[in-house]
Amino acid sequence: IPLFLLLAGCGSEDPFDAPELPSDVGVAGDGTLPEVLEPIRAAWDVPALGAIMIVEGQVLETAAVGRRSLSSSDRVTTQDLWHVGDLTKSMTATLAGVLVEDGLLDWTTTVAQAMPDVAAVIRVEYQDVRLEELLSHTSGLGNDLTGTAWWSQLPHSDPLPDQRVDLSTELMQNQAGGPRGEFLYSNGGYVVAGAMIERVTGEQWEDLVVEHVFNPLGMFTASFGAPGRAGSFLQPWGHALENGNYSPVEPGPDADSPEVVGPAGTVHMSMADFARYAAAHIAGERGVDGLVTAETFARLHQQTPGTASGLGWLLAVRVWANGIAMHHEGSNQLWYANTWLSANRDFGVIVVTNAGGNRAFDATEATVDALDERFEAAQAPKGVGAPTVG
């Protein structure tokens with residue numbers, strides 16, 4: 001049975017006692033990042049752990065430690081590919097921004113306008129749901145995909161755009177969901193958004209995101225599904241947490257969510273390519289035109305009233321960010337990715353592991369904290385201790 005995406009922002013009910021960070025996490029750029037990552041990896045017993053720090057649009061440091069698979073002695077490298085799960089959502093929202101600028105869509109385009117045949121058979125409350133509501137998790141659409149008839153009939157052989165329309169139709173026919181305008185995290189909402197995008201362009205979401213997001217940013221390692229191939233340890237494998245132990249899962253169709261949920265979370269790439277993507281969003285928030293205009297970047301990062309959500313990003317106030325930080329986590333239960341970006345500090349971090357579950361979340365969070373401390377130490381005047389990270 002194919003796996004399904006975890007909700008972003010997964011909480012921690014880890015059986016492990018959270019250890020302290022290493023007493024000295026060093027200074028960003030001092031060459032000690034591998035020595036900082038390894039004790040964190042070991043403390044939470046994840047197979048591998050990778051991290052990258054972006055400062056002023058450039059990679060300041062990156063490292064990866066651990067094994068590609070518990071079935072192999074092969075070590076991970078900084079060039080390896082990692083599944084980023086729900087972080088894909090910001091890429092779908094960014095693609096929507098490109099299409100809005102091209103005049104093919106508007107943030108206020110409704111389901112009925114993009115898919116009139118679907119609107120004729122769905123619940124009335126979803127007919128005028130806008131694209132911006134789907135991308136900000138405020139459409140009222142629920143998050144249960146596995147309980148649908150479509151899901152119970154896997155696998156499907158129809159073209160992916162047809163599958164996305166079929167699943168979207170069933171979701172909007174049957175799910176009462178939650179109050180419209182309130183935040184309700186919804187992978188299904190991104191399936192619907194992807195179906196709308198495909199309908200108005202006549203192209204498949206995967207092709208569109210490669211053409212309009214990945215290639216323009218030079219993200220040439222970015223692709224879809226579990227990285228690597230069965231029987232090979234040239235790339236990391238995902239690992240499932242079962243009875244307190246991690247088990248490797250061979251790459252293949254059952255090592256990721258079904259392709260139909262691609263717009264919600266099936267992308268993999270190298271850390272360096274995700275850094276290119278993150279740097280574009282940081283620069284855009286700082287008023288620099290790029291893949292889209294600064295105005296469109298600002299719309300993607302704008303807080304949706306009454307929520308902590310932008311379009312494809314979650315938002316949080318952090319002391320180290322000098323204000324709002326953009327962040328998201330992503331997992332398909334075999335991998336975990338965690339990113340935090342601060343436009344005010346022109347700084348961002350990305351942390352990845354080839355493991356799922358709360359333990360992986362905790363390992364990435366501890367690494368984010370360590371990277372923040374390293375960054376602060378690099379900013380402090382010589383001889384002055386690093387400020388406390390909030």
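Trainee: Where is the pLDDT below 50?
Mentor: Residues 1-14 are one such stretch. Beyond near neighbours in sequence, that stretch has 59 contacts in the model (heavy atoms within 4.5 Å). Residues 383-390 are also below 50, with 13 such contacts.

Trainee: Why be careful there?
Mentor: Where pLDDT is low, the predicted coordinates should not be read in detail.

Trainee: OK, the core. Which residues touch the most other members of the largest nonpolar core?
Mentor: Met 91, Met 115, Leu 135, Met 172, Phe 214 and Phe 274, out of 79 residues. A nonpolar core is a set of buried Ala, Val, Leu, Ile, Met, Phe, Trp, Tyr and Cys residues joined through side-chain atoms within 4.5 Å. Buried means under 20% relative accessible area, exposed over 50%, partly exposed in between (1.4 Å probe, protein chains only).

Trainee: Which helix gives the largest share?
Mentor: Helix 12, residues 271-285, with eight residues. Helices (H or I, at least four residues) and strands (E, at least two) are DSSP runs, numbered from the N terminus. There is also a second, separate core of 33 residues, which includes Leu 37 and Phe 361.

Trainee: Now helix 9. Is it enclosed or open?
Mentor: Largely enclosed by the rest of the structure, because 13 of its 15 residues are buried. Gly 202 follows helix 9, with a positive phi near 75°.

Trainee: How many aromatic pairs?
Mentor: Eleven. Rings of Phe, Tyr and Trp (its six-membered ring) pair if their centres lie within 6.5 Å; planes under 30 degrees apart count as stacked, over 60 as edge-to-face and the rest as tilted. Trp 320 and Phe 347 are edge-to-face, 5.7 Å centre to centre with 90° between the planes.

Trainee: And Phe 347 with Phe 375, stacked or edge-to-face?
Mentor: Stacked, because the centres are 3.7 Å apart and the planes at 10°. Phe 347 is in strand 11 and Phe 375 in helix 14, 28 residues apart. Phe 347 is buried at 0% relative accessibility, and Phe 375 is buried at 2%.

Conventions: Residues are numbered from 1 along each chain as its sequence is written. This is a predicted model: local features need pLDDT of at least 70, side-chain atom pairs count only at pLDDT 80 or more; totals for chains, interfaces and linings use all residues. Side-chain values use heavy atoms; hydrogens and water are left out. pLDDT is the predictor's confidence in each residue, from 0 to 100.
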